Each structure stands twice: as structure tokens, then as C-alpha cells.
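I opened this notebook to record what I looked up, entry by entry. The structure comes before the entries.

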Amino acid sequence: MRDCECVRDCMCSCAGEENWVDSRTVYIGHKVPPPGTEAYIPQRYPDNRIVSSKYTFWNFIPKNLFEQFRRIANFYFLIIFLVQLIIDTPTSPITSGLPLFFVITVTAIKQGYEDWLRHKADNAINQCPVHVVQHGKVVRKQSRKLQVGDVVLVKEDETFPCDLILLSTSRDDGTCFVTTASLDGESSHKTYYAVQDTKAFNTEEEVDTIQATIECEQPQPDLYKRSSTFSDVPLGSENLLLRGATLKNTEYIYAVAIYTGMETKMALNYQSKSQKRSAVEKSMNAYLIVYLCILISKALINTVFKYVWQADPNRDEPWYNQKTETERQRHILIRAFTDFLAFMVLFNYIIPVSMYVTVEMQKFLGSYFISWDDEMFDEELGEGALVNTSDLNEELGQVEYVFTDKTGTLTENNMEFIECCVDGHVYVPHAICNGQIMSGASSIDMIDSSPSAEGKEHEELFFRALCLCHTVQVKEEETVDGIKRGIHQGKATSFYISSSPDEVALVEGMKRLGFTYLRLKDNHMEILNREDEIERFELLEVLNFDSVRRRMSVIVRSNSGELYLFCKGADSSIFPRVISGKVDQVRARVEHNAVEGLRTLCVAYKRLSREEYEQVCHLLSSAKLALQDRDKKLAEAYDVIERDFILLGATAVEDRLQDKAADTIESLHKAGMKVWVLTGDKMETAAATCYASKLFRRNTQILELTTKRTEEQSLHDVLFDLSRTVLRQHGSMTRDTFSGLSSDFQDYGLIIDGATLSAVMKPAQEGSGTGGNYKEIFLEICRNCSAVLCCRMAPLQKAQIVKLIKASKEHPITLAIGDGANDVSMILEAHVGIGIMGKEGRQAARNSDYAIPKFKHLKKMLLVHGHYYYIRISELVQYFFYKNVCFIFPQFLYQFFCGFSQQPLYDTAYLTLYNISFTSLPILLYSLIEQHINMDILKRDPSLYRDIAKNSLLQWPIFVYWTFLGVFDAVVFFFGAFFLFDNTTFTSNGQMFGNWTFGTLVFTVLVFTVTLKLALDTHYWTWINHFVIWGSLLFYVIFSLLWGGIIWPFLNYQRMYYVFMQMLASGPAWLSIILLIMVSLLPDVVKKVLCRALWPTTTERIQTKRQCLTTEQSTIFMLSQTSSSISF
Amino acid sequence: MASGYNAKEEDGHRAGAAGPGESASRSRKPDNTAFKQQRLPAWQPILTAGTVLPAFFIIGLIFIPIGIGLYVTSNNIREFEIDYTGTDPSSPCYNCSQTYSWNSTTLCTCTLTFSLNQPFEGNVFMYYGLSNFYQNHRRYVKSRDDSQLNGDLSSLKSPSKECEPYHTNEKPIAPCGAIANSMFNDTLELFYIDPNETRTPIPLMKKGIAWWTDKHVKFRNPGGSNANLTAVFQGTTKPVNWRKPVYELDSDPENNGFINEDLIVWMRTAALPTFRKLYRIIQKKNNMTPTLPRGNYTLEVTYNYPVHSFEGRKRMILSTISWMGGKNPFLGIAYMTVGSICFVLGVVLLFIHHKYGNRNNSSDIPS
């Protein structure tokens, strides 16, 4: 083949010396250039081993421990544990060691198991055989031994073992079909092309003779970007087969490995995404810091008091309680420090290990309810909601801004060809069924009913253009038994596949109008025209669609040798490039259609002379050859090529609104969310959709911030105008608009387009003072608009908008929802990203946090699941801190009565098990199944969502309330027991109780109070709640009986022996337990009842109303309920 | 993330192979169980003024009588308390408290007289009380060896490290630790003084003052119940502050050694620095005469236990016991208070319920 030297020279000229390291040179079949020609430094590539596992057998324990202790909470508990081991502390190291050990072990086992699975999968992949061509023979190799430069033989239905450049295929035209279902979920067959120069080499002997080099970039994770050159022929993504994709409909292929192992696109892409953290988690961390401060100050206070109190030596060391010699000799500062640490250890339970475990479990288990939800299951797709991360469940209940894509999200993305318009003549395809072309009878001005010769020619050209200018593939129906898939000629058995549904709609529309696109064969496109003749056009170039250019073109050569460039694209990108044609008529029709909410495309063409074509070829090939900035150069080339068009006409495609999209948007509005539609469509189309989807209502005053307006006035003036309008309204409004969206108050909708947006977003120029605060004014306007429509947006702008809102001063919680690859950036940017499992592939669903089948499911996702999760987790967080205040504060108070000696109030077993078993399950179950309001009411009444907006259940006042409630309860427990115990006998036989009975009494009251407090908060008592709440109380009693019932042989103390039973044998103990529980619960009950009666929230009103209804519905309802619960 | 791409690959294969056919959709369709759809039948109570009202009234109506009952019971309990610390120079025990030293061989005794204004009926319990004595100090609480006290022979000879510094005194100490070492060792004796000035000693029962389980299970003498204690404790030494070894605490073998009830009572550390411990029981004679009739008594104290250094106080308490234990007005008062509060709250809520309850129900819920 070609000599490598010249390739190298060529490369140098293209890429430039300084960028040399950014690319790699692959010698096909390891055929190194003859020595001496140039210094050849073999590059080292990794082998094809895929390592998705994190650990090996040897490093598992240290690495896993290291990973786990990097979490701040685990580290904190480790420190506490170590302190307990080192110094003499009040509680044995077991009390904190055991829970920590438990947590660490469970996590390690889970991670170990997952890693084992990964190892197994890795091994399966790494050892699966691949066929490699060596010295003209096919050799079987293990996949992991594959190296860059190996020529690989892949057979049908096999998966590509690494990233490959396609050399040749079994098909004559050098194409192969591939599904990338495992990569991006698109199950359609994509066509890939062999490198032109090698496509003839299709036996192993021939392949072995290839001598060539491939220059390609160093690996990068972008799935859809690839530039490399084969010898001097540029390669594109159509030559590159990605690892993980599967070969279809092709017997075998030969390909050369260029990226292997961890450098394949797939492996690079599976690196973890950045972690999103929910608002609840942030509050939780803030609370943790508060509690840490409380902890430290408690320990400090006690240490100080201790030394003040001990100043008297008879207190420090009375005759009955001497210190050991070593203790006496210790320096005072060391003693004080160890005392401080000991107090820390004594009080460390205030920050519980189990909270993290419970929160994690709640999130993990809770997310199953989303994927289990029957109502979010779509029969058509056969899929329900998908949870990709469970960290953000509660964030779904906090959304303030919803950014939604239009196409495929609000709309079905199920395109239907409605009409086309050629030079002002309107053609409606369904009319053709009757055998005649009917012109649209609408308001359009028709010149004459039978088009002139020129018109006729244009008409045919238009139809041909639409048949040729696309990237649609014809998929042959697979035979049922799957033996052989021949190419069927029959129309019924083939259908069109494309990544863009618009194109399919257009091609199908053309079919109905008489021009059928048959297939692409040997670079020739075949069209069946109206006269049932096959026309063949040679496909010379495809200038692919991209969302920046918003158009695509093809260059074809007809049978007669004429060269055409057909272009179709958005009107805004076509009209400026048109030099002739009936622009006005077409424009009028396009605008008319856009207002109707149809998607319009314009079609134009130009004839190319041979010289022009060669020029085009040159432009394109030089751009394609470029290794660096190829995209930019290509765009420039396209820009030069695609101009001076002759306008042919326009098409209109309808994209119907998704089922219940309007209802969903209305609900979101009522729930207080601001809905923004971000779309690439033109303004009129988008606005029509917005009206249809009730984003804008009839009475919505539309504010426009578009290029059209900014052309008339300066951006500055427009912005100020708008903000004045909005603020005037805002000022006259009364405060009570919050209570609901009344119909009489004016709401605003804003329409902004991409160009104006980028002008607004432009950072302040140094010269002008006013430039910088456009953003602020813009935000101010947006804040007062209930709906915003951003049209003509580039994908990156979508993310920019999300970022802008996210960073505004209220820091609202944003949600982005979309279905296409162009929405990925905003999905990743927003607090919560939701993907729709749409027609435009799985990119969005894969990158999202949650994926749902349809837009309408968003309603249940937010209003029901989000609401529940928020309620649940906020109670979980508050309750956890509360119960630990109740737990630890009595110990703190006890220090004042035991000479600040760090004497624990409770027994070690109680200290250890309090958070692990006595009080853990009820709150976990609560946080999984609590429903303060029925699901149906939440769905029916979206305004309930406002009750939990702005993280309202985790605000500081509520946190302070819970903390004070905890402190109050703790004071009640401790001083209640204190006064009851003070100097009196509890038993009827005169015997006395000791300090452990005192602690047990406090602890019993504590366990019952915190459990009953949760019971009071529970609104939804299923049998599980009953089981868990009463069960854990029972467990506490049984455990205590057992713990005190035996002389435990392995313990070196028997202090709890019979303590619990003796306590239960005493009447006053029972009476005081009941009394203290009552007193501790009383304030909370009173607060609840009073708040509900005097200042009810919407939620509470609805709860009350519902209850009234239930009671009115008398016994039948009750009976049915009880019977159903019994039958359960 | 954890599943890695291998799992996804599988998914892809499955989707590719079966397509959106029925079999795939069946398998992925979530189960329609009540639990998974979060529609378990449930009781949905709500705390409103209306529902809580009756509860408050009921609690009030139950608690107030209980409180009154407790209060009356508590008031019917006779309790007498006398401080014999001897801090005051006029006190009979002043000399003893001042001249105290651990190694004095002569016993200091003092006698206090007091009179009971009311007869004590039923069993009367005699307590000693100490104040400002931190039995709940951490160093003190843990300074014991439960297995030694349970009769473990190896622990007897090598007590737990926790007993430091009362661990060994040349020989291992039995019982070891600060608690045992500081055992209360005053002797209290009670005499009734007839109107005709004759002193009748009142019989004081030593048994039944400790928990039954403590005496019979938790505390055991080493070498079984019938062993010769003197021999068993050979090789150990008495606690530093004790006057006699543990096997000479009492002549009754059932109350000697580790199962001496005074020791057991002392070993149950008190919760608070002011505490009392049961010392003796005065059993009632018959139903006709009160156990302790009205009149004058003398308390003879063998003053061994120093509390002066840490400003402690010593008391002797005589108390009768009811079903609810000793005198404790707090519980009754607390019950009455809580009951009344509940009652008042009930009334307030009734008012609120009437005034606001209707408003809430009639008010429109924005829809």
C-alpha cells in the first residue's frame, strides 16, 4: 500500500509540529516502517483489558477502608472510637466501635460484592475470544490480549471488543450495520462505512497485506466526536466502530483496533458524573455543624465546671475515692484534655452514626417506589420510571423552576407530514389518496391551479429534493425465523429509520405524494417517481445536520450528469441564503404554519457546475483532513458552500402535544413552579405549542424580548421597558397572591430568543457601565413571569439559562427535563435532571437523574413522589436530631450530680442499641411509607406543593423548635426521675434503687417518648407501622428483661442484673413512667392542635376536611376499610 | 454507577433481541401490589382540637384522682429523720465527729434522743442517709469486681484492674475496690424509752434489706455456701478501711462474707449524691400495737464513718411504707398538676374548637 513516509509528511503539514503529541499513530497489523526511514518510537498503549472493578483481592481491605473513612462522618466516628481505645473513657469502645464496625462491614460487604460482580463481568469480557488476523490467518485470542494495531475479524451479532476503524466488510459496498443499543439505547441500525482504500480487501490474506498508518487523536470521552485520518484520507465517525456496539445484518467485517481497554470511548464515558447534592443534604450538614458545636460546647462547659468544682481537694479526691498513683502524677493540662475528650465521647451520640445509614437506606429503598409506580409505567414503551440516582428523591419536592424541552418532551415527537408548499402552491398529502393533487384551499394565494412548466419543474425538483436530502435509512423487515434477511423490494416490508423523526415524516410524506425513496445502494440513491420509474442519483457529499447551522445539504449527481446541491433547514437559516425563488409567498405560508404550531422546514437548491463542485470537494476534504479544529473548519466550509440558493418551498410537519401535557403544565403552575420552555424551534411554532399546552393562557400578557424588538429599540431600553411593566403590576399586587393563583390577576409570559439571550448574557464590557446588570434586570423580569419561552436556543444556551437561574440570588431549585442529546447539558446542569425515554435515543435518559416515559409522568413524580420524599426525609432528619438530644441531654444534666466525672447515665448496652435497634426501625419505616395526604388529593390539588416550597420543613425555626422540644423532653425525663428518686423509697419492701435503676427509668421513658412522638407524627398507619412501632417498644422491653435476667458470663460487670425487673415491680416507677411520657408529649400535641386550629396550612386544612368527609361517610366506608385491612 | 456498563450491555442485548414486544413489557411492568403502589390500607388519624379534646378531658379525669390518691397515701406515711453528723458543737456526736481517725482502736459512741409524735404502724424501715457523698462518681462506680463478688475464685486472688487503687494491699483485697472499701460502718441501735424511763431495745432485722436476686444470685461466697469462709478467704486481705475481714462481718453464716446484706446494700451505688440506704427493718409485732408507739426514743450510734472531710451529713430515717413506697408527695402533686393542666387545656381547646373549628371546615380550599 501507500508508503508511510509520505503519510507522515502529510500529517506534519496538517497537524503542525507542536500538536504532535495529541495524536497517535497506529500501524495496521503492527507493520512498522522499515528502520532507518525515521526515528520510530513505538507508542505504548494499554492492552484491551477492561477494568471496571475498583479493588483487587489484596488491596480490598486497605483501599475500601480508606475510601470509607474519607467520608467525614465515618472519620469522626473512627476518631471517637480511637479516643475511646486510647484514654480512659466513660463508655467502653464497644459502644461506638460496634455500630461503626457494623456500618463499615455492611458497606464493605456491599461494595465487595459489587466489585466481585464487576470482576466476574470483567473476566467474562476480557476472556471472551476474538478473532485476530495474524500473518494472513485468523487466530483466536482472548479479548484482553488485543492490542492497538491488531486487525480484528468480527462476525454478525458479535460485539466489538474495542474501538475499531472499519477496513472492509462482507458487503460489496463496504458498509455494515451496527446497533448501539448498549451505548446510547438507540436500537436502530446505523450504517458504517469501510475506509475507501481498503474496502476491497475482504479476505484475511488480503487484509494482511495492508500497510498503512492511522493518525488519530488521543482518546477522549465524547461519544460522537472523532477525527482521525487513514493514511491521508480523513476518517469520520462513520468509519469508527465503538466498543460495545453490535454488528448486525453483515456477515463479517475486518477492522483495526485503535483504542483499547480503558481508552475506549465506552470506558472513558463510564467515568462517574459529578455528584449532585440535595438541599436537604445541605441543611443536614448545617445541622450537623450546629450539633458539633453543641457537642463541643457541652464538653467544654463540663470540663470547666469539673475543674472549678474539683478545686476543693476533698471533692477531687475524697477519702473514699482515691486516685491511682499514675493519675495523680499526670499533668493537669493532660488531665483536662483527656477529660474534655472523655466528655466528647460521652456525648458523641448526639451525632449518630445510624443517621447516615438510615438516610442512605431511606433514599435507596425509597427510590424503588418510583420505579415500581404503576401509573408511571408506559404500556407503549414497556417501561416505567427509572431511577439513576437515589440521592435526589427529596429534591423532587423542592422544584421551583422547570426547564423543559419542547420537541419530544412537551410534544410526542411523532411527526406527521401535514403539507408542503412549493412556490406558494400548497400540497396536502392525504388529498392525494383520491388520485389528484389538491391545492390547499385555505387563505393562501394561488396563482393558478395548473402550475406552469417552470412551476412543474420546481415541484418535481422539490419532491426530489426532499427524497434525497436526508439521512434516512431503509430498514428491511426481518423475517420471523431470522434465517436470512434479504433485501425486499416490496414497499410493505421496508420502513424508514432515522435519528430525526422529521426526516422520516418528510420522506413518508413524499411517498404519499408519489415519490418513494427506495434505498441507498453503491452510493446511489434510488427514487421511485410518480411514473413508477426508478431514478438514480449518485450521492456525492452529505453535509450533515447540526443544531448550530440548523440545516443539512446533500450534493448529488443525476443520471444526466447534472450536479445539484439540495439543502433543507430552518427558515431562519435558509432565507438569508436564498437569492431567488418566491420568497414572500413561501415566507407567508411558513409563518402561517408556524402560528398553527407546525414545524416548518424550507427547501432550497442550487445547481453546481463541475468547477464549482470540485471547489466544494476541495473545501470539504481539506476541512475533513484537519486533525485539529476540524469541526470549526468544517463549519466554515459549510458556510461557504451553502449559499446562493434558489428557494423551492417549505414543508410543514405536525408534532402533536403529548398526552396530558397541558394538564401537567397547569398543575406545575398551580404548584408554584415556573415553567420555562427551552426550544430550538422558531418562535411562532413554539409559542403556538405553548398556548396549546396552556403554558400561556388567553389572559397571559406576552412580553417579547426578541431580535425583532431589539432591532427597533436598543436592548437596554427594551429590558427597562419590560421590567417597568412587570414591576408596576407587581407593586399593585397584594400579598395574598401566594395563597393561590386567582384568575383575575395578570400573569406574564416572556418570550426570548437565543440571539437576544446571548446579548443579555454577554459579560459586562469594560467601557460601558450599564452592560453588566442586564442579567439582573432580565432575572427580575423572569422572576415575575409565570412562564418563559426561550426559542431558537442552542444546546449550550439551555445549560447557560439553567446556570443563570441557579446562580440568581434566591438560589432556586431547578429541574430540567428533556429527551434528546441536546438536552443533556441542561439535564446535567440543573439540580434535578429528568430524561424522557424518547425517540431521539437514550442519551438524555442515560445522563439524567430520573427517567420517565412521558412528560405527563412528571406530575406524579413531583407532586406525589417528590412531596412525599421531602416530607419523609425532613421528618427523618429532624427526628433523628431530636431523639438524640433527648438521649444525650439527660447525660449532660447528670454530670452536674455526679461530680462531672463522666459517669454515663445509661448502661453500655442501652447506649449502643438506642440508635441501632430501639428507635431505628420506626423512623425508617415512617420515612418510607408515610403519606400525610392521600396520593389522589396531592395530584388533584397541586397547590399543596407550595406548602413545602423553599425547604420549609427544614428551616431554622423548625429545627430550633425540634431541638428545644428535645431539650424540654430531656429535662422532663431527667428532673422528673430526679425528683421522684430523690431521697425516697420506690418499692413496697423498703429496698432502695441504685444509679442504674435511675438510668433505666430515664431510658425507658426516653424510648417510649421518642417512639410515641413518632407515632403522633404518623398520619398513615398501615399494619407495617403498627408492627414496627409497637414491635420496637416490645423489643425494648424484652431485650431489657433478657439483658437483666442473666448473669452474663462474658461481661466483667453485672450492673444491670435484675434492674429492669425490679423497676417494673415497683408501682411508683410505672406511675412515673406514664406521667413523664405524658408530660413530654403534651407540649408537642398542644402545639400541633393549636397550630392546626389557629393557623392551619393548606395541607392541614385538607387533612381536616378529609377527616370530616370520612366521618360523614359513616359506617359503610369504615366497614369496608376495616374489612380490607383485615383481609390483608 | 455501581452496576457498571456490563449490566447496561445486557439491557441493550435484551432490548435489541426482544424489541418492544409483549414479553419484555410484561416482565418490566411493575407489580400492582398495594405495597409497591403505596396504597396499603391505612388508618389516617389527625390530631385536631376535636379529636384531642376528649383525650385531654379523660386524662384530666384519670390523673387528678390518681394524684389525689397518691398524695393522700404519701401523707399517711410516717417518716422521721434525724441528723447525727455532729457538726454542731451542741450535738451529742460532735466529739466523735471531731476526734475521728481511722486507726483509733477505741470506738466512739454517742446517743441521741428523739420523740415520735405519732405511732408508726406496720413494718418500719430504718435507713441511714448520707449527703454530699458521690457514690455515683465514675471512678467510684466502676471500682468493683463483680465476678469476685460472685464467688469466682480466680477473681478473688487476682481482682480486676478496675479496683485500683484498692486492688492489692500486699495481698489481694477481698472485696476489692473503692465501693467496698468505703462501706458504711456506723452501728445504729434504737431504744424505746418508756414513760417510766426504762430503755427497751427495739429488735432490728438485718435480713431482707437487699434485693433477693442480689443476695442469692449476684453475690456469692467463694467456694459455695457451706465452705469455711475463713479458709476460703485465706490469701486475701481485708479492705484498707475495714476493721475486720469480710468473713467476720456477721456471725450468721447466711449473712456473712460477700452475701452480707449490709455489704450488698452498700454495693448498689446510689444515683445521686444525697441518698439513703436501707439499714434495718423493724417488724410489726401484731395488729393491736403499733410497731413504734408514740413516745421517746434514743438512738445509739457507734460513730465509725467519717464524713466531716467532705462536708457530708449522716442521717437516720425511720419510715413506714405503703404500696407506693416511701413518702413522696412529688408524684401525687405532679399527677394532680398534669391532670389539671390537661383539663384546662381541654377547656381551652373546646373554646378554640368551637370558635375556629367551623371556620376551617367551611373555608374553601383553593383548587
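Entry: a salt bridge. I looked up R39(B) and found its side chain in a salt bridge with that of E375(A), at 3.1 Å from N to O. I note that the model is a predicted one. The count of salt bridges between chain B and chain A is two.

Entry: the two chains. The area buried between chain B and chain A is about 10600 Å². Carbon and sulfur atoms give 60% of that area.

Entry: a sheet in chain A. I traced an open sheet of six strands, in the order β3-β2-β4-β13-β5-β11, with antiparallel pairing. β3 (137-142) and β11 (240-241) of chain A each have a single partner strand, so one side of each has no neighbour in the sheet. Inside that order I checked β2 (residues 129-134) of chain A against β4 (residues 151-155) of chain A, and three bridges join these antiparallel strands. In this pair H131(A) is opposite L153(A) of β4(A).

Entry: two helices in chain A. I looked up helix α29 (residues 857-895) and helix α30 (residues 908-918) of chain A, which pack at about 170° with axes 11 Å apart. Angles over 145 degrees count as roughly antiparallel, so α29(A) is roughly antiparallel to α30(A). From α29(A) I listed F880(A), K883(A), N884(A), F887(A) and Q891(A) in the contact. From α30(A) I listed Y910(A), L911(A), Y914(A) and N915(A). By type, the residues of the contact of α29(A) with α30(A) are five nonpolar, three polar and one charged.

Key:
Residues are numbered from 1 along each chain as its sequence is written. Chains are lettered from A and ligands numbered from 1 in the order in which they are written. This is a predicted model: local features need pLDDT of at least 70, side-chain atom pairs count only at pLDDT 80 or more; totals for chains, interfaces and linings use all residues. Side-chain values use heavy atoms; hydrogens and water are left out. Axes are lines fitted to C-alpha atoms, for helices over the stretch in contact, and angles run from 0 to 180 degrees between N-to-C directions. Helices (H or I, at least four residues) and strands (E, at least two) are DSSP runs, numbered from the N terminus. Angles under 35 degrees count as roughly parallel, over 145 as roughly antiparallel, 65 to 115 as roughly perpendicular and the rest as oblique. Contact means heavy atoms within 4.5 Å. Ala, Val, Leu, Ile, Met, Phe, Trp, Tyr, Cys and Pro count as nonpolar, Asp, Glu, Lys and Arg as charged, and the others, Gly among them, as polar. Two strands pair if DSSP finds at least two bridges between them. Buried area is the accessible area (1.4 Å probe) that two parts lose on being put together, summed over both. A salt bridge is a side-chain nitrogen of Lys or Arg within 4 Å of a carboxyl oxygen of Asp or Glu.
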